[in-house]
Amino acid sequence: GGGNDSFVSDGGTGAAPSNGGGSGTTAGSTSPTPPTEVLTKTFTFIDFPSTAQLTVVSNYQPPTETPGTTAEVLVALQQGTFSGLTRLNPRQEAEGNDDNPVLQPACGTAEVTALTSLMNEFPVRNQGATPAVRARYQELPAGAQRDFYLLPLPGTITAQKILEPNETLHCTIFAELDGQGQPSVTRSKALAVAEAFDSNNPYRTGSGIYDQNRAVFGSEWNQNPPGGNDGDTKIVILFFRSATLGTSLFGYTSPADSSPNPSAISNMAEIVYVNADKSELQTLSTLAHEFQHLISQNEKVIRQGTFPAGAEDENVSLNEGLSQLAEEICGFTFEAGNTLLALITNDYLRRPEEHEFFDFFDAGVGYGQGYLFFKYVREHFGDSTIRAISTSTEVGLQNLNAQIPIGFAETFRRWTVANYATNLSGVVPNIYRYPSGFRTDGDYPAGQLVGVNTLPMGADRTNTTGTLGAWSTAYLTFSGGNGTDLRTTVQAAPGSPIGVLYEQVRGTFTNLQQ
């Protein structure tokens, strides 16, 4: 629960409190250790003007990923004249300079929806000897036909190989046949996809999606045996028709394909499934997104054919967030006109208080929150941290806490403040910005981002966030100043930090208090 039902003031004098630390952990720890007490603090603002705005950033940070508990944050606002107040320096900042390495502006992200519900439904474990006969798709000539099981059907389809073995470097392309025996993609489209995947991605030139993904996230299964489950060094790209699996499915990977034992639902190969009826940007961004999933299956569970006992798939929120980041790394950006990215990002921004970070399906789907979090992490800590998260054998909260230099809880706190503060002018501390200049209320070719949703507060009463789930955030704002003093008393969620952002002139950062 959320602790005491009644609002309890700390009985403070009204002087501005000293800056407190966050509840983050040190790098390498195996679990976050935030305190469990309910923190109550009072903040005061002299002559709070009508031009000003106050925003209380409220996290709920329990000790585990899914504690099954909820909390709420209460904010009491009182206007009037109070004795013993200390005037704040308008340039006072709650944080020092950010010494973390900053990545130069990254690429962006793109249009794709992955079949995430399948990731944990078909756990793959080594159940016996490796079969002697393997698929060897890459050696087949163009025109060869094979049957493939499509997991969402369930059932099989017949697909035709489009290109000759010597026409590709890292991929083998099959296309589903329609009722008249015609493949769902043309030879020219297959050649363009192969070039983008193999050697020259048109959205980030100089190399292909294959190498761009592997440079950051790790490797797909390609050893033990050589070539992975199908014995091929090339990734199979299988194009399915919208008429078969629907227009809303852009692509997926199947964990069942990683089984080293024959199975009715396994194609026993490293395969990325892509909707044949999407645009160039959608097709290529789907490849980038789904290839990260293929890599994650190997790094977390398969581990180059060893299938160690106790190995777990990555938490879905992390896995999908990293796949969205893979699209950005491969150049599929807001600037490229990625309308679906804008859609999923706005889904999070419109209701951050409803999304629980480690529960991907809590508020529908959590693509947007995972993407924004890893975008922030990458811009502050670089690709080396993203690779450490991706290739670690740990998963979920334990993984993030061990690999992010300042721990997950403190990073989560900074990120939630940044989602609001990055849009402000003035001297915003670097840790509360996206260093690339990204704005959560920016206007991009992909569409307008809406900025984080805020819950308006009233003076001379107690305001509440309502129920907050584990690792969610609410933003409460007040801009009804009348020139008198404002006293703000905040009862935080158990063990969780709060931040009070003050804009002396609305839209301009003045300070952050904790």
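Here is a short exchange about how the terms used for this predicted model are applied.

Reader: What should I know before I start?
Author: This is a predicted model, in which local features need pLDDT of at least 70, side-chain atom pairs count only at pLDDT 80 or more, and totals for chains, interfaces and linings use all residues. Residues are numbered from 1 along each chain as its sequence is written, and side-chain values use heavy atoms, with hydrogens and water left out.

Reader: What is the average pLDDT of the chain?
Author: pLDDT is the predictor's confidence in each residue, from 0 to 100. The chain averages 86. Of the residues, 83% score at least 70.

Reader: Where does pLDDT stay under 50?
Author: Residues 1-35 are one such stretch. The model has 95 contacts for residues 1-35 beyond four places in sequence. Contact means heavy atoms within 4.5 Å. Over residues 87-133 the pLDDT is also below 50, and that stretch has 159 contacts beyond near neighbours in sequence. Where pLDDT is low, the predicted coordinates should not be read in detail.

Reader: What makes strands β2 and β16 a pair?
Author: Strands (E, at least two residues) and helices (H or I, at least four) are DSSP runs, numbered from the N terminus. Two strands pair if DSSP finds at least two bridges between them. Six bridges join β2 (residues 53-60) to β16 (residues 498-503). That meets the definition, so they pair. They run antiparallel. One of the bridges sets L54 against Y502 in β16.

Reader: Which sheet holds β2 and β16?
Author: An open sheet of five strands, in the order β12-β14-β2-β16-β17. Its pairing is mixed. Helix α10 (residues 408-421) lies across β2, β14 (472-478), β16 and β17. α10 runs at about 150° to β2.

Reader: Why are β1 and β13 called edge strands?
Author: They belong to an open sheet of four strands, ordered β1-β15-β3-β13, with antiparallel pairing. β1 (40-45) and β13 (461-464) have a single partner strand each, so one side of each is left without a neighbour in the sheet. Neighbouring strands here are turned by 20° against each other on average, direction ignored. Within this sheet, seven bridges join β3 (residues 74-80) to β15 (residues 485-491). Q78 stands opposite R487 in β15.

Reader: How do you know that β7 is mostly covered?
Author: Buried means under 20% relative accessible area, exposed over 50%, partly exposed in between (1.4 Å probe, protein chains only). Six of the six residues of β7 (residues 235-240) are buried. I235, I237 and F239 lie on one side, and V236, L238 and F240 on the other. Both faces are therefore covered.

Reader: Which strands does β7 pair with?
Author: Five bridges join β6 (residues 171-176) to β7, running parallel. Five bridges also join β7 to β9 (residues 271-275), again parallel. C171 has I235 as its bridge partner in β7. I237 has V272 as its partner in β9.

Reader: Why are α2 and α8 called roughly perpendicular?
Author: Axes are lines fitted to C-alpha atoms, for helices over the stretch in contact, and angles run from 0 to 180 degrees between N-to-C directions. Under 35 degrees counts as roughly parallel, over 145 as roughly antiparallel, 65 to 115 as roughly perpendicular and the rest as oblique. α2 (residues 209-217) and α8 (residues 383-391) pack at about 80°, with their axes 7 Å apart. That value falls in the perpendicular range, so the label applies.

Reader: What about α7 and α10?
Author: Their axes come within 10 Å and cross at roughly 105°. They are therefore roughly perpendicular too. Q369, L372, F373, Y376, V377 and F381 in α7 meet F408, T411, F412, R414, W415 and A418 in α10.

Reader: Why is α9 described as largely enclosed?
Author: Six of the eight residues of α9 (residues 396-403) are buried, so the rest of the structure largely encloses this helix. The buried ones are G396, L397, N399, L400, N401 and A402. Their cover includes α4 (280-302), α5 (316-329), α7 (367-381), α8 and α10.

Reader: What makes R439 partly exposed?
Author: R439 has 32% relative accessibility, so it counts as partly exposed. R439 sits in the loop between α10 and β10 (443-444).
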